[in-house]
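Student: I would like to learn how to read the features of a protein model, one at a time. Could you take me through a case for each?

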Amino acid sequence: MAEGLGVRYPGQDGLVLDGLEATIQPGEFVVIAGPSGSGKSTFCRCILGLIPNLTKGDIVSGHIEICGQDTRQRKVHELAQMVGMVFQDPETNIFSLVVLDELAFGPENMGLDKPEIIRRIQLASEWVGVRGLWTHRTDRLSGGQKQRVAIAGLLAMLPQILVLDEPTTDLDPVGKRQVIETLARLKTNLGITIIVIEHDLSNLLQVADRLVIMGEKGRVVQQGPPGRVLAEGYADLELLGMRIPTCARIGHLLSDSEANPDEGTLSDAAALALLQKHRARAPQIFQELGLSAAGHPEGDRPVILQTQDLRFEYQRGQPVLDGVDLSVLQGEFVALVGPNGSGKSTLLKLLVGLLKPATKGSIQFWDHNGKLLRRKELTQHVSYVFQDPNHQLFETTVWDEVAFGLVVRNEEQALIDERVTDVLQRVNLLHYRHRHPATLSRGEKRRLAVATALCSPIELLLLDEPTTGQDRKTLEGLFGILQRLNQEQGTTVVFVTHDMLTVWKYATHIIGLKDGRRVMDGPTVEVLKTANEGLLHKLELSLPLEARLADFLAGANDQHSNTRTDPTSISESVIRGET
């Protein structure tokens, strides 16, 4: 319970939380949502007692109680017996070098005996799907795998209250559903109170008891059952820039007919059934919601990036990439997709030279003039944005971070000021120009990392999970920038993501990896079809509702494919990685 909670960080003007009022009942499944920077993560740190007991930040008004205990009067380790938290950045949850040791860390520190520790590790591993990772080194896991391990390690402690800050943001679609289903079972079977902070509500609407929407400075603007909040508070959510699931948006547009947002319009199947009843309005709704897929670039285009038989191993005998052949054409907007651990991030690091092929394979780049580039020339033509923005942010202010590349090239100060101002405005960070990057939220750090790559003209931009931690407004703003770079300046964009809606809206082409091999390659509008749903499921991907709607409007799925590799013809053996 929080009453009048006010929080201020040292060195910052104003309050991060100002008069927050919130009550969460034992055994509730509560989802806290709101725009980036609204104070959601700060609220979680207060729940855990990190603020004000451990991390910088002062409670200047009100108070917060956990299980009847004032967090200011209890030690953090005492509160940890009651409440556990999976942080926004999974790396901050992981302490051990090996996954099995990490899963045992919490139960061991609780003083449990060995049989009970083993039992809990086994249960948590099965709940989250990490048993196959027990012997893996934690520093060599993908971002999604680290997220799963962090969640499993916390579940092994069986806390009374479980707080998760964007727990599914780095997971593939199948992994997202598995984690949410696990949390729902924990709530039902064990009575654990679940508090989830999340931007993407699509997998949570059916399991959450209550939705709490936070606005500026942590003020609660809407709360209640998900259906009611999405119906009665729709205008507020739009104004805040929330990522409202498409099924709920359809329910809202048809609410003057026979849709009841409290009953059934919060699922994809229900939304499709509703459109079936109002078929005549379907094309209008599709247009109003802006659900069309990005078109594929026309005309013959030269290759800008090509790999042949690319192989890589972190540990001998455990290939991460196993003979990847791919080509990216100039001017394409490519989504690199696949399940966690399929080698997507490793591939990008190899492309920019942060890793070198361990066994064999080649990587070649060409510029817009058809010149084959040498490795030492890449920095003038290729930019890379890390999956974890903390790995590339090092300056003391947001302004200096963006200006760094221009400063080292000895650009005129007037030009630096003009470009940095323009870029920070476009990523909605200009008001933070004097802030230290470490004080930003994860979503804000990610936008800052992208901003550092936008100050100079580049021919190829590689981004690893740029959608993480973004609300609708900032996500659309970020990808609007990338789209303009792509369409107006001819910049080729390759981005790794698990967000299939973003893939549908912005990517012109999809390349899919599984078990370190390329198993899908084709234009987005050809790959994301209901006819390919079985294949996508085997790649642990999901078909977004928007693609289903497109097929629904087309009335058929028999358009001729012009994919470089027809995804519907990929053999079962290739999917299993047996070729």
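Predicted model: local features only at pLDDT ≥ 70, side-chain atom pairs only at ≥ 80, totals over all residues.

Student: Turning to the peptide bond, what is its form from Ile 51 to Pro 52?

Tutor: The bond from Ile 51 to Pro 52 is cis, with omega near 10°, and Pro 52 lies in helix α2, residues 50-53.

Student: How should I read two packed helices, and what are the values for α10 and α11?

Tutor: Two packed helices are described by the angle between their axes and by the distance between those axes. Here helix α10 (residues 246-253) and helix α11 (residues 268-277) pack at an angle of about 35°, and their axes are 8 Å apart. The crossing of α10 and α11 is left-handed.

Student: Which residues of α10 and α11 meet?

Tutor: From α10 come Cys 247, Ile 250 and Gly 251, and these meet Asp 268, Ala 271, Leu 274 and Leu 275 in α11. Sorted by kind, the residues of this contact between α10 and α11 divide into 5 nonpolar, 1 polar and 1 charged.

Student: How is a pair of aromatic rings read, and how many aromatic pairs are there?

Tutor: A pair of aromatic rings is described by the distance of the centres and the angle of the planes. The count comes to 8 aromatic pairs. One of them joins Phe 333 and Phe 495, which are edge-to-face at 5.6 Å centre to centre, with 80° between the planes. Phe 333 lies in strand β13 (residues 333-337) and Phe 495 in strand β17 (residues 492-496), so this pair ties together parts that are 162 residues apart in sequence. Phe 333 is buried, with a relative accessible area of 1%, and Phe 495, at 0% relative accessibility, counts as buried too.

Student: What other ring pairs with Phe 495 edge-to-face, at 5.3 Å centre to centre?

Tutor: Phe 479 does, with 75° between the planes. Phe 479 lies in helix α17 (residues 472-488) and Phe 495 in strand β17, so the pair ties together parts that are 16 residues apart in sequence. Phe 333, Phe 479, Phe 495 and Tyr 506 form one aromatic cluster.

Student: Where does the charged end of Arg 435 sit?

Tutor: The charged end of Arg 435 sits over the ring of Tyr 432, 4.4 Å from the centre of that ring.

Student: Finally, which residues is Val 352 in contact with, leaving aside its neighbours within four places in sequence?

Tutor: With those neighbours left aside, Val 352 is in contact with Arg 375, Val 382, Tyr 384 and Leu 462. Val 352 has its place in the loop between α13 (344-351) and β14 (362-365), and at 23% relative accessibility Val 352 counts as partly exposed.

Notes
Residues numbered from 1 in each chain as written. Heavy atoms only, no water. Axes fitted to C-alpha atoms, helices over the stretch in contact; angles between N-to-C directions. Helix = DSSP H or I, 4+ residues; strand = E, 2+ residues; numbered from the N terminus. Left-handed = near helix turned anticlockwise from the far one by under 90°. Contact = heavy atoms within 4.5 Å. Nonpolar A, V, L, I, M, F, W, Y, C, P; charged D, E, K, R; others polar. Phe/Tyr/Trp six-rings, centres within 6.5 Å; stacked < 30°, edge-to-face > 60°. Buried < 20%, exposed > 50% of the residue type's maximum accessible area, 1.4 Å probe, protein only. Lys NZ or Arg CZ within 6 Å of the ring centre and 35° of its normal.
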